[in-house]
Amino acid sequence: MTARRRLTVLALLAPAVLGFAAFFGYPLVATVVFSFTRYDLINPPEWIGLANYEYMLGDELFARAVGNTLWFVVVLTATRVVFALGVASVIARLKSGVGLVRTLCYLPSLAPPVAATLVFFLVLRPNEGPVDTFLGWLGVQGPLWFADPAWAKPGIAAVVLWVSGDLMIIVLAAILDVPREQYEAAELDGAGPLRRWWHITLPSISPVLLFGVVNSIILALQLFTQAVVAGSAASGSADVTGSTKDLGFPENSTLTFPVWLYAQGFRYFDMGYAAAMATVLFAVSFLATALLVQRMRRATHQEEGA
Amino acid sequence: MTAASGRAPRDWRGALDWVAVHSIGIALGLMFTLPIVFVLLTAVMPDEQAFTADLWPREWRWGNFVEVFERAPLLTYLGNSMLYALLATAGMLLSSIPAAYALAKLRWRGRDAVFLLVVGAMMLPPQVVAVPLYDAWSGLGLTGTLWPLVVPYFLFDAFSVFLLRQFMLTIPQSYVDAARVDGCTEFQAMLRVVVPMARPGIAATALFCFLYTWNDYFGPLLYTSERPDEWTLSLALSSFKGMHHVQWNLAMAVTLLTMLPAVVLFVLAQRSFVRGITFTGVKG
């Protein structure tokens, strides 16, 4: 590598290096440093050692937020991947209307999360909404959804599934990439559609399914907008700047980890505690990312070896 | 697509299978579409009917879509959203194309490590870095403006660098080498050879960047929630009902309006979307 070549690389990457340093490098280090301080944005930070982390252990709402976010990690990962796989498998087998159904399933994923949540606030309206009306025809008393602590999280999960068409497109592309000959050979051997799906489709697309798992974990860890909007719409306050009472409504059932972090940092201006929570979130999402990176590295080595 | 494509099913088992698969297909299409239909029906209802058990409009009030503009400064919000999304997308193209080129088409020591940092940055929840960044922007006196949202895109956007690199990897290296043999500098090779060939990928990346910023809620909430003049459409929508004391039918009309740009872009550039979304997963 000549000096000239090195200079070219540096010139091409200069803005990115600067941006990475300013918007990732510095804030990551600063977050960890802030987490050992008490800081309200006005007075200079005051070093308090591990006090924020000690406080965390006794903070009931912190435990609540961890529990809620774990709920979303488990439920969203399972349902998103299974749902995307199921929908894509059906679309792949359609003989006509593939384009139309694919478009219809994908379009909601383009909706702004605020809008998508309000759509479901309407659709899942207690008693008189379309879904509860439909359940009523079946003789089932529909739940109160966003107004019921037991049903608010499933309601939010429904919003996220509705906008999961992008994952579905990825899975569908992988299914359509499986070589035809493999299916034809299996068909000659007398394998039915289900067995072909199980023995050929599923193993071939497993890397994409792993991507779906990691992608869903990251998404669930960040879940913020849908929880805030559902909470404020259902509480009737619907106010961005005002009180904190609507966060987590009802009964803190939608208080996710990022929501509690946001409340601590930007409504109570307890920046030190928010930074401590951010440090924890960083550690967890780092693990999830490492999983994906490890897999990508293996794929890259295979590419280069070929 | 399949051997049987377009032909009539041969036996009753095939016919049954065909009916089953297509019924599920229709059901899926409806499941994804119906929520929007209900929102549209509510948006054109008279005020007193919205959010009652009566789901079909007694009277079709298309004027609701005009009335919302009179009730709230929607044009200001719309302008802010446009400003944020367009500036961010322009900045992203300036900063990410060269970075992606260096990662995809040049060989240098440490390239793989740098690429891993890009992936790491892409996966990082925005809440992790929010505290120091807010602190820094407020130190500069720029909170309450759109600057903290837009400036980062002029330097580095991890997802766009990642996606553009994936696209550029599919362009055969021989084209770049040929340009070099012809005496092109790296900048010329990038601008005259790789950028034109990567145009579909660049279009898809720009679309995703525009939509991501248009849809963003956390960023505008963090930096502009105290200043209603600077609100984006998403942020305004989240408090629309409470702020402007409007009926649910009008709130639903605004909900539809915020979704409109995405639908228009999708109709205009469906292939770019599908190609782009495929690239984020399969090659990633």
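Trainee: What makes A:Ala88 count as touching A:Met168?

Mentor: The C-beta atoms, placed from the backbone, lie within 7 Å, which is the cut-off for a contact. Besides A:Met168, A:Ala88 touches A:Val171, A:Leu172 and A:Ile175, not counting residues up to four places away in sequence. The model is a predicted one: local features need pLDDT of at least 70, side-chain atom pairs count only at pLDDT 80 or more, and totals for chains, interfaces and linings use all residues. Residues are numbered from 1 along each chain as its sequence is written, while chains are lettered from A and ligands numbered from 1 in the order in which they are written.

Trainee: What makes A:Ala88 and A:Val171 stand out in the largest nonpolar core?

Mentor: The core has 171 residues, and these two touch the most other members. A nonpolar core is a set of buried Ala, Val, Leu, Ile, Met, Phe, Trp, Tyr and Cys residues joined through C-beta atoms within 7 Å. Chain B takes part as well: at least three residues come from each of domain 1 (12–65) and domain 2 (73–282) of that chain.

Trainee: Why is A:Leu219 called partly exposed?

Mentor: A:Leu219 has 18 other C-beta atoms within 10 Å. A residue is buried at 20 or more such atoms, exposed at 12 or fewer, and partly exposed in between, with C-beta atoms placed from the backbone. A:Leu219 is therefore partly exposed. The residue sits in helix H11 (residues 206–222) of chain A, and its C-alpha atom is 24 Å from that of A:Leu122, 97 residues apart along the chain.

Trainee: Which class does A:Asn127 fall in, and on what count?

Mentor: A:Asn127 is partly exposed, with 14 other C-beta atoms within 10 Å. This residue lies in the loop between helix H5 (113–123) and helix H6 (130–137) of chain A. Leaving aside neighbours within four places in sequence, A:Asn127 is in contact with A:Asp132 and A:Gly142. A:Ala233 is 106 residues from A:Asn127 in sequence and 17 Å away in space, C-alpha to C-alpha.

Trainee: What makes helix H13 of chain A mostly covered?

Mentor: In H13 (residues 257–266), 8 of the 10 residues are buried. They are A:Phe257, A:Pro258, A:Val259, A:Trp260, A:Leu261, A:Tyr262, A:Gln264 and A:Gly265. The helix itself is a DSSP run (H or I, at least four residues; strands are E, at least two), numbered from the N terminus.

Trainee: How do you know which parts of chain A are called "transmembrane region"?

Mentor: The name comes from UniProt, where an unreviewed entry lists residues 70–92, 104–124, 155–176, 197–221 and 271–293 of chain A. Such annotations, with feature names shortened and positions in the numbering used here, may be inferred rather than shown by experiment. In the model, residues 70–92 of chain A are 100% helix and 0% strand, with end C-alpha atoms 33 Å apart. Residues 271–293 of chain A are also 100% helix and 0% strand, with ends 31 Å apart.

Trainee: Which spans of chain B carry that annotation?

Mentor: The unreviewed UniProt entry covers several spans, among them residues 146–164 and 197–214 of chain B. Residues 146–164 are 84% helix and 0% strand, with end C-alpha atoms 26 Å apart. For residues 197–214 the figures are 94% helix, 0% strand and 27 Å.

Trainee: What makes up the side of chain B that touches chain A, by class?

Mentor: In this contact, 81 residues of chain B meet 83 residues of chain A. H1(B) supplies the largest share of the chain B side, 15 residues. That side divides into 52 nonpolar, 23 polar and 6 charged residues. Ala, Val, Leu, Ile, Met, Phe, Trp, Tyr, Cys and Pro count as nonpolar, Asp, Glu, Lys and Arg as charged, and the others, Gly among them, as polar.

Methods. Domains from an automatic or database assignment. Contact = placed C-beta atoms within 7 Å.
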